[in-house]
Amino acid sequence: MQGLKENKSQFLLLVLVNAFVGAMVGMERSILSEFGKTIFSLSAASALTSFIVAFGISKATSNYFVGILSRKFTRKQILVTGWLIASPVPFILMYANHWNWIILANVFLGISQGLTWSTTVVMKIDLVGSKNRGLAMGINEFAGYLSVGLAAYLSAAIASTYGYAFYPFIPGLIFVFVGLVVSLFWVNDTTSFIQKETAKSNIPLLKNIWASTSWKHRNLGSVTLNGLVNNLNDGVMWGLVPILLAQRSFSIQEIGIIAGVYPMVWGVSQLFTGKMGDVFCKKQLITVGMLLQAMAIVLLVVFSSFAGAIIAAVLLGLGTGLVYPNFLTVVAENAHPTQRAEIMGVFRFWRDGGYVIGALLSGFLADWFGLNWALYLVAALTAAAGLIANLRMCCTLRLFWRSQECMPSV
């Protein structure tokens with residue numbers, strides 16, 4: 001039987017697994033740009049953000065293949081494989097003697113993230129069904145991004161005491177070990193839930209999953225665009241903001257706090273914003289969230305103090321928290337159970353492709369026009385995507401349909 005309460009034990013195990021998935025990204029988040037400058041003497045922003053390009057390409061591609069792999073393999077098999085691929089990452093980061101090793105580590109990390117995070121999302125949707133789906137996605141993303149923030153602060157704290165090399169990546173060994181053991185021995189597969197839901201689902205099948213999810217379907221296409229732009233600006237935060245703060249003479253610990261506050265607020269807020277998506281019109285939540293992110297990026301440039309940067313990080317976290325679980329629930333409620341993994345894979349392919357576009361675009365703009373203008377442009381793109389969602393999406397709760405609104409096209 002589907003339901004959050006009925007499957008709370010397995011659900012909580014998957015939440016725990018996703019926390020360690022997030023921690024694997026977090027251990028890099030606050031220090032890797034400065035790691036490149038300090039250890040390998042890199043200076044150009046485009047070079048320093050090359051690891052994000054590698055991560056984004058591999059994660060986006062991996063996300064897409066989760067849907068294809070799900071036709072032949074169980075959810076659990078894909079999840080365990082993702083952790084096995086992550087196992088070399090801490091060792092590569094600890095013993096790297098050239099920047100290319102860092103890029104290789106992020107290729108492995110991206111593949112792993114696509115397989116593990118995508119699979120935990122789909123497995124939770126399988127477990128809970130349509131009721132409280134937003135809450136379930138909020139809890140999932142809360143665990144993942146709270147861990148990103150905590151791990152980002154932890155690695156910065158270690159780097160401030162022991163330096164950027166070797167020691168900040170030791171926690172990654174623990175993250176991989178626990179994630180793999182829990183996934184292998186305690187997480188159960190969810191295939192039986194899909195079969196039961198399929199028997200009673202009235203959601204129409206998509207004739208062309210790629211085209212519909214990428215743009216044609218009004219709801220799926222809109223959240224795909226906004227997901228891409230959201231991760232575009234997240235890639236900029238990851239790659240350029242530590243450089244910006246270092247230029248303003250912020251200490252390693254201060255940068256770690258700012259880099260950690262943003263995903264922590266993002267994570268915690270989703271406990272509430274996910275549930276809001278079960279009650280309110282999701283397109284309005286997505287629009288407000290994207291506009292709030294745009295404002296926060298502008299404030300990050302305008303405010304030069306530590307307190308100002310914290311305020312911007314909090315607002316950015318809140319804005320991202322508003323949109324992230326609601327992206328996933330819009331995808332879930334517009335996807336037939338048998339197509340869910342593939343539709344989610346296409347959505348996450350484009351969403352995490354935003355990391356690649358963000359890193360390339362921001363690195364180029366920062367090298368040619370400076371960090372401030374790069375961030376202003378990203379803010380403008382973020383606001384534009386939110387407005388497109390408001391114009392194009394249909395409300396997905398009957399309570400909020402109005403005469404000018406419409407049913408989503410297939």
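Two cavities of 30 Å³ or more were counted in this predicted model. The largest cavity holds about 150 Å³ of space. Its lining comprises 17 residues. Those closest to the centre are M237, V241, I258, A259 and Y262. Five helices each supply at least two residues of this lining: α12 (218-239), α13 (241-247), α14 (252-276), α15 (282-302) and α16 (306-333). By class, 16 of the lining residues are nonpolar and one is charged. No polar residue takes part.

The residues V25, R29, F55, K59, Q113, W117, Y145, V148, D234, W238 and Y355 form its lining. At least two of the lining residues come from each of α1 (8-29), α4 (50-69), α7 (99-128), α8 (133-162) and α12. The class count for the second largest cavity is seven nonpolar, one polar and three charged residues.

Two or more lining residues are given by α10 (191-200) and by α17 (340-369). Helix α10 gives the most, with four residues. The lining of this pocket contains four nonpolar, seven polar and four charged residues. For the largest cavity, the corresponding counts are 16 nonpolar, no polar and one charged.

A nonpolar patch of about 750 Å² is made by V302, F364, W368, F369, W373 and Y376. The elements giving two or more residues to the patch are α17 and α18 (371-392). Helix α17 provides the largest share, three residues. Helix α17 also gives two or more residues to the lining of the second largest pocket.

Y376, a member of the patch, is found in helix α18. Is Y376 buried, exposed or partly exposed? Its relative accessibility is 31%, so Y376 counts as partly exposed. The partly exposed class lies between the cut-offs of under 20% for buried and over 50% for exposed. Patch residues need over 30% relative accessible area, and Y376 has 31%.

Note on methods. Residues are numbered from 1 along each chain as its sequence is written. This is a predicted model: local features need pLDDT of at least 70, side-chain atom pairs count only at pLDDT 80 or more; totals for chains, interfaces and linings use all residues. Side-chain values use heavy atoms; hydrogens and water are left out. Ala, Val, Leu, Ile, Met, Phe, Trp, Tyr, Cys and Pro count as nonpolar, Asp, Glu, Lys and Arg as charged, and the others, Gly among them, as polar. On a 1 Å grid over the protein atoms alone, a cavity is a set of points where a 1.4 Å probe fits but cannot get out, and a pocket is an open set with protein on both sides within 12 Å along at least five of seven lines; lining residues have an atom within 4 Å of a point. Grid points are joined across faces, edges and corners, and a volume is the space filled by probe spheres set on the points. Patches are made of residues with over 30% relative accessible area and no salt bridge: like charges are joined within 9 Å, nonpolar side chains (Val, Leu, Ile, Met, Phe, Trp, Tyr) within 5 Å. Accessible areas come from the Shrake-Rupley method with a 1.4 Å probe; for residues, only the protein chains shown count as cover. A salt bridge is a side-chain nitrogen of Lys or Arg within 4 Å of a carboxyl oxygen of Asp or Glu. Buried means under 20% relative accessible area, exposed over 50%, partly exposed in between (1.4 Å probe, protein chains only).
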